[in-house]
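Subject: The structure I promised you

Hi,

Here is the structure we talked about. Have a look at it first, and then read on for what turned up.

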Amino acid sequence: MIAAGLSNLGVLAQIAEFTPLDTPEVQWAALLPLLILAGGGVVLLTVSSLVKAMAAPGVNAAATVLVGLASIIACVPVWQRVQDPERGPFTAVGGVIGIDGFSILATGLIAASVILAALLLDDYLRREDIDGVEMYALLLLSASGGVIMASANDLIVMFLGLEALSIAIYVMAAMHRRRIESQEAGFKYFIVGAFSSAFFLYGIAMVYGATGSTNLVEIATFLANNLLLRNGVLMLGMALLLVGFGFKVSAVPFQGWTPDVYQGAPTPVTAFMASAVKVAAFAGLIRVFYLALGTYSLDWKPAIYALAVLSMIIGATFAVVQTDVKRMMAYSSISHAGFVLVAVQAGTEKGVTAAIFYLTSYVFMVAGSFGVISLVGRRGDAAHSLDDYRGLSRSRPGLALAFTVFLLAQAGVPLTSGFVAKFNVIAAAVDARSFWLALIAMLASVIAAVLYLKIIVAMYLTGDDAEADDSVAGPKVSIPLPAAAAIGIAIVATLAIGVLPGYLFEVAGDAVPVLIALP
Amino acid sequence: MLLTNFLMLSSILFCIGVYGVLARRNAVMVLMSIELILNAVNINLVAFGTIHGSISGHVFALFIIAVAAAEVGVGLAMVLLIYRNRSSIDLDDVDLLKG
Amino acid sequence: MLDLVWLIPALPLAGFLTLLVLGRRLGEPMAGWLATAAMGGSFLATVAVFLGLLDRPGDDRFFNQVLFEWVPAGNLSVDAGFLVDPLSITMALFITGVATLIHLYSVGYMHGDPNFSKFFLYLNLFAASMLVLVLGDNMLMTFLGWEGVGTCSYLLVSFWFTSEANASAGKKAFVTNRIGDWGFMVAMFLTFATIGSLSYADLISSSMSGEIAAVTATGIALLLLVGAAGKSAQLPLFVWLPDAMAGPTPVSALIHAATMVTAGVYLFVRVNPVVAAAYDWVPDVIAWVGVLTALVAATIAVAQNDIKKVLAYSTISQLGFMFFAIGSGAYVAAIFHVITHAFFKALLFLGSGSVIHGMHDEQDMRRMGGLRRFMPITGATFIVGWLAIAGVPPFSGFWSKDEILLYAWADSKAIWALGSIAALLTAFYMSRQVFMVFFGEPRWNEALPVAAAAPGGNPDAEVEPESEDVAPAEVDEHPEHHVEDPHESPWTMTLPLVVLAGAAIVAGGLNLPFTPDLHFLGHWLEPSLFGNEAHVDATTGTKVFVAGFSVVLALAGVALAALVYLQRRFDSAVIEQRAFAEGWWIDSTFARVVAGPGRQLFDLAAWFDRTIIDGAVNGVASGVRVGGTALRTLQTGYVRTYALAVGLGAVVVGAWFLTRASF
């Protein structure tokens, strides 16, 4: 027995000698923003189950905000390293994670969404009697999934990021146990989500079959160097990948879940979904289509063109007829996705810059909007109809003003971030000679303006005389400090980007993604 | 020839899975149909991996199996949650949110 | 001194910010005085810049102040900057001047309003936006102001509305203006795509160098026409302006008469080289849009009974004059008319506000009369405004309108003829208004209570085209109300009236036609027009004929109105029965001509306005709504439907990609 064991050991030693495990070099420092988010989630969950003091109100939220801040701070040195012309972008884990300006900016945006969502969640969870820490842990884990997705340099890793992001969100959407709509939202999101990620996977398999690799760089090199005589498999793969991304960014016709889920989910979670998930999904979309499949842009551009047109028009049109503000915002987010697709469709560096700019502006205005909605929803998270907003300018002028700013920004009124974002997108489309698309984009923004106006009118007009007594007072909304801070941050960002967009434009220009091969 | 056979099998499985998701109203059956699609993907990946002589197809298939397990775990938990509230796992009963 | 240009919009903006923070604390009347002071400061700054510009030699009157790089767009960028040239500073001068007066007037007019400070907050923001619009050195800055004035207009029109149903006027303004904005936006991007810049300097230089092809220039000009038609209330987008009269009167005077609505005119004068570079028929399109607007609006004005509605349609009509001036190449005359119109129309609006104020919120002219005696200052100044707009020399309106008609004569006789008819109607409906409101004095003392008690038996009611806007019941209520004397308004309201009346009398001196030396405005604006002003080689005889003809038209309009509305009252009350009947005969004849088939025509125009054009505007909105509602059923709430949509989408996307595939 012993001898046999020894000889076994010898065999093992021999195997180890002959085929040494090829462990890739890991750039831990560059992964720090991601590790902070993921580790923060795990640690938070562990510590709070062991330490009683964590149950005190606000502690979990504060911890989450700190984790988010730490992640953003950790981004700074990496950004500097990437922007250093002598060093430039690099890969972190054996070529599967790409660290470039794009991934760092996306990380920063996702971390910012985490901070905003955590600030909104703090009071929300107490108000709705939802048990504390799981939500924050899921938030952080989901965010880390988003970061992985945005920095993936390999389709396998991108899929893992996508699933980490999604599974956590499914649960978060269903977290409000006393609200049956919340469960319904989580459930619906899960069914359609799992369905479309199956499509996405099938697409990956097809692309892998056609090119022989899942690595984005290798795919791009292969496609650039080989003229495929029979590219049916590749085409089908691209189509299915587009379906998967189209679902995640909620582009028409893959948008069916969006209004239901946005409406049903706890509002701070919706804020996170609308901001972070969109950023991650668009980051993945841009990486795969703009970088890896750029050679075939003539084939995918028309498809994205069609998705963009449908999303902008249908999103805006549906939104106009809604009476539920949360649902309106859901449809308007579909319309916004259409705008980003317009920029992606340009397929140029300018287009990608415009898309990044748009996403950055959008994160703040949408998180702010849902922040206001979360407060006006009050206990039960149900007061979302237009009537609930009547007279808000009387009872809470500050909140009404804040919402007005966000809505004007979404409508694209000058001096807000939304205007410059839309301007850049349309300029990119014009630059890429997509004149009709630019025209349609402008038309859609005109239709959408009616929708934002509807809400503003509801807030500033007090209602018919019959119910004057009731509505002059306006809804009694309490504004907790953390939520006010979140809305304040979003306002400052929205106005600052609108008045001085030059800085963000520079950053967005530096954040155009690049293909990073292993050295 | 060999590859085509695998691709045929996988696409048939894929179509059955899609049909199941669209036609079945029982949530558990829908989950199983999604599993079917994922397995179709696995067959594809392994077949392509073998043809290309690269390992990443096989590795990817393993990843998918693991992720699918996690996904089904969450999915079943949600089905349970819905069942406890409504005593039904018929997908068409879940239609509070619409319009 | 030109460096001070940033102060011009900055002062009202500072006023706006101060009021935003401190508005409620300042309260009445401090908030109003603060806002007025900000505007006055802005006016002084404008004068300083004007003097600085005057100091420079004629060909060097361009000054560009770049504040910062605003929108970076790739290797090109858009700056936030101001362009000081004769055109922009002319606009700024009268905008700040009129705005200061209207701010002052509002201090009195808004007295006691619970939202006193908010009103001035909006007013200051409006002024700042308007100044950015005219001073901006690129299309994007103009667009910023363009959107800003639109928003303020919307807020101010809805100022007194508390319920959503009543806010439909504001909504209509919003929708039509968005159509216009869309035209502007597309024009902007077309410019950007063609020359890679949005600055006026680049646009003008590349238009003149022929860098912009005629077809592109045509596109830009036509799109700008859509934008200008929305903002300046031209056919068919003028529907919002009459409805916008629901706002407080100073708002109507400032925004919907003097400044904002002339933005379209300003825009075309600013980009005149583009129009010159476009195909030949583009100016004709502009001219026809203008003259048809002038005519249609004038006919509608004849059939109105609301004192402000008459002025609203009159404004549309006058804007039409400015547009056909542009179409005829009479840029100087267009700006000239913008200025004179700003004075006399602001005067008329403020006067009507004073009347409404004095009459305790009565707006129906059929319930007024003889107010001249009770409100002497208002009456006198209103009469000055009336003579100015009617085109009676030597009041300012005559000079500007005559110049427009002269250019139209040289350009196209048809446009001149239609414009002349519009001018005749202008004199007619304005006289009608003045006679109904301020004259008919004996009836005021004796007959009005009777008339009010039995309006059905009153000749008035039969001759007057009945406006559907005023329900008969409204006419009947409070018959005793007006017997209480209307009172003259406080000095804060009458002082602006007097100043504006003075301006309305003498503003014609800016550009007198007698000798070339007297073309002050023409010489002053020359650097901004790049020789695109049309040259009229008319003989003195032609000039005298055109001028004489327009004087005849003006007097004929006044006389006709006097026959119908003044003489009859005189007859009916004092002269014996026979002459009374005689007066009736005139009336009924006229009623048969003007108020018979003629009135049908006016009513038709009003009906067309209400049904077709309003319908089209509402149709766009309701089309979106109907479409959305119909499609909503697709959003079934069944998760399997969504999965099906994903599946079908995948099939379609897959099919597309497979058509691109090679096997």
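What percentage of the 99 residues in chain B do buried residues make up? The answer is 36%, where a residue is buried if 20 or more other C-beta atoms, placed from the backbone, lie within 10 Å of its own.

Before you go further, please note that this is a predicted model, in which local features need pLDDT of at least 70, side-chain atom pairs count only at pLDDT 80 or more, and totals for chains, interfaces and linings use all residues. Residues are numbered from 1 along each chain as its sequence is written, while chains are lettered from A and ligands numbered from 1 in the order in which they are written.

Let's stay with chain B. It has three helices and zero strands; helices (H or I, at least four residues) and strands (E, at least two) are DSSP runs, numbered from the N terminus. The C-alpha atoms of chain B fill a box of roughly 50 × 25 × 25 Å along the principal axes. Its radius of gyration is 17 Å, whereas a compact globule of 99 residues would have one near 13 Å (taken over C-alpha atoms, with the globule rule being 2.2 Å times the number of residues to the power 0.38).

Now for the places where chains touch. Chain C puts 49 residues in contact with 59 residues of chain A, and two residues are in contact if their C-beta atoms, placed from the backbone, lie within 7 Å. On the chain C side, the largest share, 14 residues, comes from α28(C). By class, that side has 30 nonpolar, 12 polar and seven charged residues. Here Ala, Val, Leu, Ile, Met, Phe, Trp, Tyr, Cys and Pro count as nonpolar, Asp, Glu, Lys and Arg as charged, and the others, Gly among them, as polar.

Finally, a helix pair inside chain C. Helices α7 (residues 214–231) and α12 (residues 281–302) of chain C pack at an angle of about 15°, with their axes 10 Å apart (axes are lines fitted to C-alpha atoms, for helices over the stretch in contact, and angles run from 0 to 180 degrees between N-to-C directions). That makes α7(C) roughly parallel to α12(C), as angles under 35 degrees count as roughly parallel. Among the residues that meet there are Leu222(C) in α7(C) and Ile286(C) in α12(C).

Enjoy exploring!

Key:
Buried ≥ 20, exposed ≤ 12 C-beta atoms within 10 Å, placed from the backbone. Parallel < 35°, antiparallel > 145°, perpendicular 65-115°, else oblique.
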